[in-house]
Amino acid sequence: MSIEEMMNQCFSNHLGHGKGRQMPVHYGSKSLNMYTISSPLATQIPQAVGSAYAQRREGKKKCTVCFFGEGAASEGDFHAALNMSSTLSAPVIFYCRNNGYAISTPSTEQYKGDGIGYGVETIRIDGNDVWAVYASMKKARDYAVSNSRPVLIEAMTYRVSHHSTSDDSSAYRSKKEVEDWSTRDNPISRLRKYIEKKGWWSSSDESSAKIEIKSAVLKALTDAEMLKKPEFKEMYTDVYDELTPSLKEQMDFTRKLADKYPDYYRINDFTR
Amino acid sequence: MPKVAAPSLQGMKHNFLSATATRGYSSIYDHSAEPINGIKVGVANSALLSRTITGVKNNKQLQDLGIASSSTKKMNMCQSINDALKISMETDPKAIVFGEDVSFGGVFRCTVDLAEKFGPDRCFNTPLTEQGIAGFGIGVAAAGHTAIAEIQFADYIFPAFDQIVNEAAKMRYRSGGEFSAGGLTIRSPSMAVGHGGIYHSQSPEAYFSHTPGLVVVIPRSPIQAKGLLLSSIRNKNPVVFLEPKVLYRSAVELVPECDYVLPLGKAEILKAGSDVTVVGYGSQLYVLENAIQLIERDFPGTTCELIDLQTILPWDVETVAQSVNKTGRLVISHEAPKTSGFAAEIAAEISNRCFTRLESPIGRVCGADTPFPLVFERFYLPDIARCYEEIKAVIKY
């Protein structure tokens with residue numbers, strides 16, 4: 001996805017693919033085969049098993065990859081999904097990003113045991129080592145597709161940022177802990193050191209890339225923020241495949257109301 | 001053929017925003033809300049809150065309890081809920097508080113200091129599993145203890161639906177009265193907040209109102225939240241306690257510091273009137289308050305009666321029916337979608353009980369029949385304009 005597409009989603013403007021219905025960072029892309037993110041946790045995991053099962057039936061050597069965190073893995077859906085993936089032989093890769101925290105809850109309060117059963121091939125990797133992530137994912141894909149079996153990857157990492165813009169993580173963990181992780185084991189600086197050592201990257205590459213990317217992000221952000229919101233009728237579409245009589249009636253009433261009180265409803269913020 | 005009344009905007013001459021005062025958008029979420037034609041809108045300006053000692057002395061619910069002159073402390077709704085939890089843990093050594101992130105105080109800070117004060121055995125984090133939280137709470141309650149569970153957002157209560165609806169609600173019935181989950185209270189933040197989108201804004205009360213065996217409570221203010229929560233925790237039935245999250249910080253009152261309970265299953269008449277009965281609950285009452293002020297301004301001589309349901313299940317049919325028998329007209333409003341929303345139940349029961357007294361069709365002002373849309377929130381919600389138009393349509397029918 002382009003930076004522009006991501007910004008358009010974040011600002012819920014009329015170019016955003018989600019038509020302004022979801023909060024920021026709820027991406028999806030039909031062209032990239034990436035299902036739209038849903039806020040409820042772990043719901044995607046059994047769905048991924050179903051998708052992988054359908055792919056196996058098509059016989060096209062495809063698989064499904066499903067991403068989630070260690071917090072989501074406590075939900076019932078996770079356990080149902082692993083069991084089903086194994087019993088139904090679904091070519092699915094479960095990628096669990098274990099970053100230590102589910103909002104404030106440390107993973108030590110999330111699990112007491114170590115290792116998950118269900119007969120699923122499992123590997124625990126250093127999630128801050130980009131090559132380990134790449135190699136394990138590649139291997140997992142080969143295994144899942146050739147054996148038509150699930151694979152679980154648990155990538156160990158750390159959430160340096162807050163859970164969200166409304167979270168202040170200093171309420172439940174020390175600043176020092178965060179600083180230690182971001183300096184001692186930072187996946188970005190580890191990769192940079194590696195490619196610098198190989199002679200593929202230099203500090204001047206680094207500074208020019210930073211300037212270039214920062215300006216591209218800021219431009220996309222400013223552009224996306226300026227754009228109008230989607231047309232108000234998009235509130236009523238996609239509830240069903242077509243508008244029901246009751247939704248049509250509600251939409252017509254809202255149009256009349258907005259025409260009567262245009263400033264109150266700030267209708268100029270929306271495309272028409 | 002019977003006349004089918006489709007929504008209309010007849011009587012265009014009455015426009016609650018005059019041409020001279022349409023600048024700016026005002027909503028209950030906007031603390032610096034501009035006055036609309038001299039009426040100050042929003043929770044911060046509401047006359048429904050007891051912010052002064054005189055206000056507390058005149059608070060009907062506190063008068064009925066004989067505590068209108070007791071010592072008070074300024075609290076927002078988050079703090080009054082915290083106070084109720086603290087009192088219930090002090091008075092009941094078997095009471096425990098648990099849920100996702102509650103240990104450090106909860107994402108909305110309603111459980112702050114409880115782990116420090118009562119220890120990690122009585123206030124603790126659970127793994128991230130709502131079905132687990134509800135099932136665990138049923139087990140705690142069935143063993144004779146008091147379980148106070150938090151589901152972080154009402155939008156995320158659905159993994160627990162089976163446990164709540166099939167287990168908590170039916171345990172007493174299916175065991176011939178031998179076991180029950182009566183000691184279980186599930187608290188959950190609900191309703192719109194201004195930027196919550198699909199999954200941080202829902203009002204799921206109607207799903208639970210369709211479940212015999214459950215009690216469903218929705219408070220509107222700090223004083224009320226404390227009394228209703230203490231009542232819910234001590235009630236012998238499982239209670240789903242839905243807290244309008246927009247009020248956590250915006251609603252502030254002088255709250256009695258003592259231990260008190262408000263009755264469940266009882267509605268409260270917030271304002272007497274003679275021409276139309278207006279029923280709501282939770283944060284929607286502040287929208288209705290403003291719509292009524294505008295109606296009474298534009299139609300001199302008209303008075304509206306405002307009723308807060310407080311408990312959705314079992315609801316206070318008697319109070320609403322008595323009011324409608326007096327006024328002859330009824331408008332009901334909630335944020336949840338209109339179709340099969342709780343207003344439908346109220347309308348059906350009242351049309352039955354008050355049929356010969358009704359002078360117009362019963363009006364419903366509700367959320368749209370769509371998922372909750374992020375950027376279209378102002379078009380989705382039953383806001384002041386919609387409530388004004390519906391009350392007007394009902395009184396002018």
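Two residues count as being in contact here if their C-beta atoms, placed from the backbone, lie within 7 Å. With that cut-off in hand, let us start where the two chains meet in this predicted model. On one side are 40 residues of chain A, and they are in contact with 37 residues of chain B. Which elements of chain A supply at least two residues each to this side? They are α4 (107-110) and α9 (245-260) of chain A. The largest share belongs to α9(A), which brings nine residues to the side of chain A that touches chain B. Sorted by class, that side of chain A holds 18 nonpolar, 13 polar and nine charged residues.

For the complex, the predictor gives an ipTM of 0.78 and a pTM of 0.87. Chain A has a mean pLDDT of 91, with 98% of its residues at 70 or more. Within chain A, confidence is highest in helix α8 (residues 203-226), at 96, and lowest in α4(A), at a mean of 84.

Two stretches of chain B call for care. Residues 1-5 of chain B have a pLDDT below 50, and beyond near neighbours in sequence this stretch has one contact in the model. Residues 18-34 of chain B are also below 50, yet this stretch has 31 contacts beyond near neighbours in sequence. Where pLDDT is low, the predicted coordinates should not be read in detail.

Now for the domains. In chain A, the domain assignment gives domain 1 (40-199) and domain 2 (232-269). Taken over C-alpha atoms, the centres of these two domains of chain A are separated by 41 Å. In chain B, the assignment gives domain 1 (73-256) and domain 2 (266-395). Here 26 Å separate the centres of domain 1 and domain 2 of chain B, again taken over C-alpha atoms.

How many residues of domain 1 of chain B are in contact with domain 2 of chain B? There are 22, and they are in contact with 21 residues of domain 2 of chain B. Two elements give two or more residues to this side of domain 1, namely α8 (205-209) and β6 (215-217) of chain B. With four residues, α8(B) provides the largest share. By class, this side of domain 1 of chain B has 14 nonpolar, six polar and two charged residues.

For residues 75-250 of chain B, an unreviewed UniProt entry lists "domain: Transketolase-like pyrimidine-binding". Over residues 75-250 of chain B, the chain is 38% helix and 18% strand, and the end C-alpha atoms are 10 Å apart.

Finally, let us look at a pair of helices in chain B. Helix α5 (residues 130-142) and helix α6 (residues 161-168) of chain B have axes that come within 7 Å and cross at roughly 25°. Angles under 35 degrees count as roughly parallel, and α5(B) and α6(B) are therefore roughly parallel to each other. On the α5(B) side, the contact is made by B:Q131, B:A134, B:G135 and B:I138. Facing them from α6(B) are B:D162, B:Q163, B:I164, B:E167 and B:A168. Together, the residues of this contact divide into four nonpolar, three polar and two charged.

Key. Residues numbered from 1 in each chain as written. Chains lettered and ligands numbered in written order. Predicted model: local features only at pLDDT ≥ 70, side-chain atom pairs only at ≥ 80, totals over all residues. Domains from an automatic or database assignment. Nonpolar A, V, L, I, M, F, W, Y, C, P; charged D, E, K, R; others polar. UniProt positions renumbered as here; feature names shortened; annotations may be inferred. pLDDT = per-residue confidence, 0-100. Axes fitted to C-alpha atoms, helices over the stretch in contact; angles between N-to-C directions. Parallel < 35°, antiparallel > 145°, perpendicular 65-115°, else oblique.
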